[in-house]
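Morning, everyone. Please bring the model up on your screens, and I'll walk you through the ligand site and then the backbone.

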Amino acid sequence: MRMRVLGIETSADDTGIALIEASGSFGQEFKYQVLGNALSSQTAVHAQYGGIFPAMAKREHTKNLPLVLELALKEAGENSERPHIDAIAVTHGPGLEPCLWTGITFAQELSKKWNVPIVPVNHMEGHILISMMEKDRLADFEFPALALLVSGGHTELILIKQFGSYEYIGRTRDDAVGEAFDKVARSLGLQYPGGPEISRLAEYARKEKLPSLLTLPRPMMHEDNYEFSFAGLKTAVERYVNANELKSLDREKIAREFEDAATDVLLFKTLRAVEEYGALTVVMGGGVSANKFIRARLTEALEKVGASLLVCPTNLSTDNGLMIALSGYFRALKKEFVEGDKISANGSLKLC
Ligand code: KG4
Ligand code: ZN
C-alpha cells in the first residue's frame, strides 16, 4: 500500500517540511519518492548571537511554517486546501521545547483542517533513517548496526538491534561535538554555525601543509567506556586564544588541530564499539556528519576492519523535513498515531 506522509521539523533553527510517497515495510521492499522538500534556515538570524536564540527561533518558525508548507506542496503539485496526504509526522523531541511546540501546533491545525492523523517522531530516529537510505530505498545492510549521532545537541553511540529497537551505549558528559565546533569557531571569531567554517579552515591548513601550532587533548579517548567529553577540548582552544595573539594562518592551524582531535576521539570510540558489538555497519547522522574529514577518516578506518559507513548526502545531514517524513512513514505503518491534543514537546526525548 502506498502512503503519503508530510514531515514537519522545527526542533532547532531549521524549519523543514517534506512530502513523501512510500510503500513497503522496513526492508528491501521499501521504496519512497520525495514529492516536495522545503527548508528555511535561520542561520543568518542567529549568526549575530553565535548560537541559537530560542525565543527568536520560535518566532521565526511560526512565521516560516506556512511559507515552507506552501513551497513543499507546490513542488508536489498539491494545494494547501485539500492535499492528498495520509499522515502528518511531526518532531516532538529532542530539541528546544518552544521550537518543538511551533511544529506540533502547526501539525494539530493541519490535522484538523485536512482530517489527517498525526504521528509523533523522534528527531534522532529521523537522522538515523535518512542516513540508512540509498537513493529511493534502504541500503543493503544487516543488524546489529551502530549509530553515531553527532549534532549540535547530541554525541551518542547507539546500538540498533532492529528498526525501532535501540540501546544507548555511550554519550557525551558535557558539550556535544557540534556545540564544540560552534564554540571553537566563536572563539576564533568565525561565523555560526561553526562546523562548516572550522572544516573549511582545517582543510586549507592540510592542503597547504601549515606547520603545527599546538597539540590539543583527546579527552576520554583511552578510557574503557563509550562516553565522550568535548568541553575540555573547547576550553583548551579558548585558553590558547586568550593567552596568545593570533598571527596570520594561526586560525587555520588551530581549526585543523581541533578537527583532528575531535575526529580521533569519535573514530577511536566508534571502532571499539564496532568490535565489541560485532556491528558491520555504522550509520552516522546529525549535522556534524556533513563534515568531509570525519566522513573520510571514518570510512577508511571502517574499511580496514571490514565494516562500512552509511551516511546521507551532505545537504541532508543537517535538520530537514524529509528525515521526519521517513521516520513518520515507518511509525505510521505501526499505527503509532496520537490524537493531536495529546502530543506534547519533550526537549530531552530518548530513543529508548
Ligand atoms: O543536526 P543539526 O542540524 O541540528 C541539531 O539537531 O543540533 O546539527 C547542527 C550542528 C551544528 O553544531 C553545526 O556546526 C554542525 O552541525 N555542522 C558541522 C558541519 N556542518 C554542520 N560540524 C562539522 N562539520 C561540518 N561540515
Ligand atoms: Zn538534528
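How do the residues of the shell around ligand 1 divide into nonpolar, polar and charged? There are five nonpolar, twelve polar and two charged. Here Ala, Val, Leu, Ile, Met, Phe, Trp, Tyr, Cys and Pro count as nonpolar, Asp, Glu, Lys and Arg as charged, and the others, Gly among them, as polar.

Some ground rules. This is a predicted model, where local features need pLDDT of at least 70, side-chain atom pairs count only at pLDDT 80 or more, and totals for chains, interfaces and linings use all residues. Residues are numbered from 1 along each chain as its sequence is written, chains are lettered from A and ligands numbered from 1 in the order in which they are written, and side-chain values use heavy atoms, with hydrogens and water left out.

Now the site. Ligand 1 has 19 residues around it (a heavy atom within 4 Å). Gly-152, Asp-182, Gly-287, Asn-291 and Asp-319 come nearest.

Next, polar contacts to the ligand, meaning pairs of N or O atoms within 3.5 Å. Asp-319 places a polar side-chain atom 3.0 Å from a ligand 1 oxygen. Gly-195 uses a polar backbone atom, 3.0 Å from an oxygen of ligand 1. For Gly-153, a backbone N or O lies 3.5 Å from a ligand oxygen. Alone, ligand 1 exposes 560 Å², and the protein buries 89% of that (Shrake-Rupley, 1.4 Å probe).

Which elements give two or more residues to this shell? They are α4 (123-132), α5 (177-187) and α6 (194-207); helices are DSSP runs of H or I, at least four residues, and strands are E runs of at least two, numbered from the N terminus.

On to the backbone. Most residues other than glycine have a negative phi, and most peptide bonds are trans. Gly-93 and Pro-94 are joined by a cis bond, omega about -10 degrees. Pro-94 is in the loop between β4 (87-93) and α3 (97-114).

Last, Met-220. Its phi is positive, near 65 degrees. Met-220 is in the loop between α6 and α7 (231-243).

Conventions:
Polar contact = N/O pair within 3.5 Å; in protein donor to acceptor, adjacent residues only side chain to side chain.
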